[in-house]
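Subject: Structure handover

Hello,

Here is the structure you asked about. Please open it beside this email and follow along.

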Amino acid sequence: AGGENGAAMLRAALKLAPGDAALHQRLGQVLHDAGDYAAAEASLRTALELRPDFPQAMVGLVAALLAQGPSAEAMALLDRAEALDPNMPRGPAWSLRAHGLMLAGRHGEAEAVLRRLLEQWPDDANARFGLSLSLLALGQFEEGWELYAWRWLRYRSASAGRSPAEPLVRPDPAAWRGRTVLLYSEQGQGDVIHFLRYARMVAAASAFSEAGTSSSTRAPAAA
């Protein structure tokens, strides 16, 4: 069970078995999935107090800590969890490690981890997107921008009802002549405002340009 109902059920179970570390770990996971990272952290810390050598709770706490920002504690916990459980799935652990390194600004190390992950799971869209961010931070723009298109496989924009089935290719303005070009906003408002300066260039290269935005972007109200 997940969501509010799942959390309520687990809390009810914990009233009957407050010393059950696995229940605290599961509650922490449900809370993390719901975006309540501070509460998830508290539940997972309780699980580890009850069972100090609990790798799943350690990994959960790593995720909860990193969701709140850079954390040296999280990286140390991940080392310990991997040492305790040699059979731990490598993909999720490497993804967390790369995320922690990126948050700490250690993009060269993150790149190495992500490339190792992609050797085994080449179609991992999250890893390719993460690698793009590290490469862009390192100034490796050509490969970084190409990989950045993999963000389209990480999420679907339900607000606009559009979801490309594959990563976008580098646009060719010569192919726009006489055609309609849709400019679609799929990031934050600051990025939208920044890139609007290029809308006239697109319009000049095409027959007609249409703008589409996410639900979080609205034109300012008329005075």
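What pattern does the chain follow when read along the sequence? The pattern is α-α-α-α-α-α-α-α-α-β-α-α-β. That gives eleven helices and two strands. Helices (H or I, at least four residues) and strands (E, at least two) are DSSP runs, numbered from the N terminus.

Two notes on the source. This is a predicted model, where local features need pLDDT of at least 70 and side-chain atom pairs count only at pLDDT 80 or more, while totals for chains, interfaces and linings use all residues. Residues are numbered from 1 along each chain as its sequence is written, and side-chain values use heavy atoms, with hydrogens and water left out.

Now burial. Of the 223 residues, 38% count as buried. Buried means under 20% relative accessible area, exposed means over 50%, and partly exposed is in between (1.4 Å probe, protein chains only).

Next, salt bridges. Each one is a side-chain nitrogen of Lys or Arg within 4 Å of a carboxyl oxygen of Asp or Glu. The whole structure has nine.

- Glu111 pairs with Arg115, with the closest N and O atoms 2.9 Å apart. Both lie in helix α7 (residues 107-120), four residues apart, about one turn of the helix. Glu111 counts as buried because its relative accessible area is 15%. Arg115 is at 30%, so it counts as partly exposed.
- Arg115 also meets Glu143 in a salt bridge (3.0 Å, N to O). This pair links distant parts of the chain: Glu143 is in helix α9 (residues 141-148), Arg115 is in helix α7, and they are 28 residues apart.
- Arg106 pairs with Glu109, at 2.8 Å between the closest N and O atoms.
- Asp79, Glu82, Arg90 and Arg97 are linked in a network of salt bridges.

Last, the second largest pocket. A pocket is an open set of points on a 1 Å grid over the protein atoms alone, where a 1.4 Å probe fits, with protein on both sides within 12 Å along at least five of seven lines; lining residues have an atom within 4 Å of a point. Its lining has 18 residues, and Ser95, Leu96, His99, Asn126 and Arg154 lie nearest the centre. The elements that give two or more residues to this lining are α4 (55-66), α6 (90-103) and α8 (125-137). Helix α6 gives the largest share, six residues.

Best wishes
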